[in-house]
Amino acid sequence: MGSVCGTCRLGRDPASSVVNPQGRSHEVANLWIADTAVFPSCPTVGFGLTVIANALRLADSLLEVL
């Protein structure tokens, strides 16, 4: 099973990115993306721990908002 990487660009400018640096969508309220879609490209080796670490970082940001 493959993964989709690089489909939700991360950045501060809504004109050139889908989510902000905390993973929150610029356009859709209450939508955070914490999977490989925010990666700039697909890694060639296992990336599970990176996805988990990013999800934990995003969860900390989410706690501040909620």
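# A tour from Ser-17 to helix H1

Begin by selecting Ser-17, which is found in the segment before H1, where helices (H or I, at least four residues) and strands (E, at least two) are DSSP runs numbered from the N terminus. The model on screen is predicted, so local features need pLDDT of at least 70 and side-chain atom pairs count only at pLDDT 80 or more, while totals for chains, interfaces and linings use all residues. Residues are numbered from 1 along each chain as its sequence is written, and side-chain values use heavy atoms, with hydrogens and water left out.

Ser-17 counts as buried because its relative accessibility is 9%; buried means under 20% relative accessible area, exposed over 50%, and partly exposed in between, with a 1.4 Å probe and protein chains only. Show the side chain of Ser-17 and look for the backbone oxygen of Gly-11, which that side chain reaches at 3.1 Å.

Asn-30 is another stop in the segment before H1. Although Asn-30 is not a glycine, it has a positive phi of about 60 degrees, and with a relative accessible area of 56% this residue is exposed.

Now display the rings of Phe-39 and Phe-47. The structure holds one aromatic pair, and these two residues form it in an edge-to-face arrangement, 6.1 Å centre to centre with 75 degrees between the planes. Rings of Phe, Tyr and Trp (its six-membered ring) pair if their centres lie within 6.5 Å, and planes under 30 degrees apart count as stacked, over 60 as edge-to-face and the rest as tilted. Phe-39 is buried, with a relative accessible area of 12%, whereas Phe-47 is partly exposed at 24%.

Move on to helix H1, residues 48-65, and select Leu-56 within it. Leu-56 is exposed, with a relative accessible area of 53%, and together with Leu-49 and Ile-52 it makes a nonpolar surface patch of about 350 Å². Patches are made of residues with over 30% relative accessible area and no salt bridge, like charges being joined within 9 Å and nonpolar side chains (Val, Leu, Ile, Met, Phe, Trp, Tyr) within 5 Å. Drawing a distance from Leu-56 to Ala-15, 41 residues apart along the chain, gives a C-alpha separation of 27 Å.

Ala-55 is found in helix H1 as well, and counts as partly exposed at 30% relative accessibility. The C-alpha atoms of Ala-55 and Pro-21, 34 residues apart along the chain, are separated by 12 Å.

Finally, zoom out to the whole chain. The protein has one helix and zero strands. Its radius of gyration is 12 Å, close to the 11 Å that the globule rule gives for 66 residues, so the protein is as compact as a globular protein of that length; the radius is taken over C-alpha atoms, and the rule is 2.2 Å times the number of residues to the power 0.38. Along its principal axes the C-alpha trace spans about 35 × 25 × 20 Å, and 29% of the 66 residues count as buried.

Technical notes. Areas by Shrake-Rupley, 256 points an atom, 1.4 Å probe, with all protein chains shown as cover. Salt bridge = Lys/Arg side-chain N within 4 Å of Asp/Glu carboxyl O. Polar contact = N/O pair within 3.5 Å; in protein donor to acceptor, adjacent residues only side chain to side chain.
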